[in-house]
Amino acid sequence: MENDVNLDELDLKRILKLYPEYDYAFGPYVHNQTGRKIIRLATKAIRTIPYPRALMEIHLGRRLEKDETVDHIDGNFNNNHLSNLQLLSQSEHSKMDNRRVLYISPIICPMCGTEFTPSNKRINGKKDYDLKRAKRKTPFFCSRKCVGKYGKKLQTDPNFQRIEQQTLTIIYGKLKDLNKLENNEP
Ligand SMILES: [Zn+2]
């Protein structure tokens, strides 16, 4: 990931200092099931901890308390820049997770005309994502290919006008509201 940072040897030693019951620290690795980065701690037994957690713990110079979690401010869990990580209590974090994207309106790609729905993963930066996007007024495209085409056009064709951003309808809510939504209840 372009935004990502890597732990060097020294950082692995520092995280190990915070987990004195382990002898080795490896990583970061990408966890098979979640796609998130983890640090693996090992003695005879193996423990894994989330990579952003390790970065935060190194930053703070201490292990997180039971009640503390690390949140990605922009919702992109691969953007592990320290500036994108914030310490939250479990309850704050789960409150925020209640504001999930339940619905995104399909829109038309301005470069190729394909109807598509911007992916939840990209939108799930919650409020931040569309605010930033709206500020920059960048349109949504169906694919990286179309993003590239647009950028190239802007650079090379002096008659090419900037395309206005599509209006996106995003419904946020709690997961239980999803059922209501699907049943067309008010
Ligand atoms: Zn397209």
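Q: Why does the span of helix α6 (residues 144-156) agree with what it should be?
A: At 1.5 Å a residue, the 13 residues of α6 should span 18 Å, and its end C-alpha atoms are 18 Å apart, so the two agree. The expected span is 1.5 Å times one less than the number of residues. Helices (H or I, at least four residues) and strands (E, at least two) are DSSP runs, numbered from the N terminus.

Q: Before I go on, what kind of model is this, and how are residues numbered?
A: It is a predicted model: local features need pLDDT of at least 70, side-chain atom pairs count only at pLDDT 80 or more, and totals for chains, interfaces and linings use all residues. Residues are numbered from 1 along each chain as its sequence is written.

Q: Where is confidence lowest, and where is it highest?
A: Helix α5 (residues 126-136) is lowest, with a mean of 49, and helix α2 (residues 51-60) is highest, at 94. That is pLDDT, the predictor's confidence in each residue, from 0 to 100. The chain averages 78, and 73% of the residues score at least 70.

Q: Which residues stay under 50?
A: Residues 124-131 do, and the model has 17 contacts for them beyond four places in sequence. A contact means C-beta atoms, placed from the backbone, within 7 Å. Where pLDDT is low, the predicted coordinates should not be read in detail.

Q: Switching topic: what is the strand order in the sheet?
A: The open sheet has three strands in the order β1-β2-β3, with antiparallel pairing. β1 and β3 (46-50) are at the edges with a single partner strand each, so one side of each has no neighbour in the sheet. Neighbouring strands are turned by 25 degrees against each other on average, direction ignored.

Q: What does α2 touch there?
A: α2 packs on the sheet and touches β1, β2 and β3, with its direction at about 80 degrees to that of β3. Axes are lines fitted to C-alpha atoms, for helices over the stretch in contact, and angles run from 0 to 180 degrees between N-to-C directions.

Q: How many bridges join β1 to β2?
A: Five. Strands pair if DSSP finds at least two bridges between them. Phe26 has Arg40 in β2 as its bridge partner, and Val30 stands opposite Lys37. Five bridges also join β2 to β3.

Q: Which peptide bond is cis?
A: The one from Gly27 to Pro28, with omega near 5 degrees. Pro28 lies in β1 (residues 24-30).

Q: Last one: how many residues are in the largest nonpolar core?
A: Ten, including Ile15, Tyr51 and Met56. Such a core is a set of buried Ala, Val, Leu, Ile, Met, Phe, Trp, Tyr and Cys residues joined through C-beta atoms within 7 Å. The largest share, four residues, comes from α2.

Note on methods: Two residues are in contact if their C-beta atoms, placed from the backbone, lie within 7 Å. A residue is buried if 20 or more other C-beta atoms lie within 10 Å of its own, exposed if 12 or fewer, and partly exposed in between; C-beta atoms are placed from the backbone.
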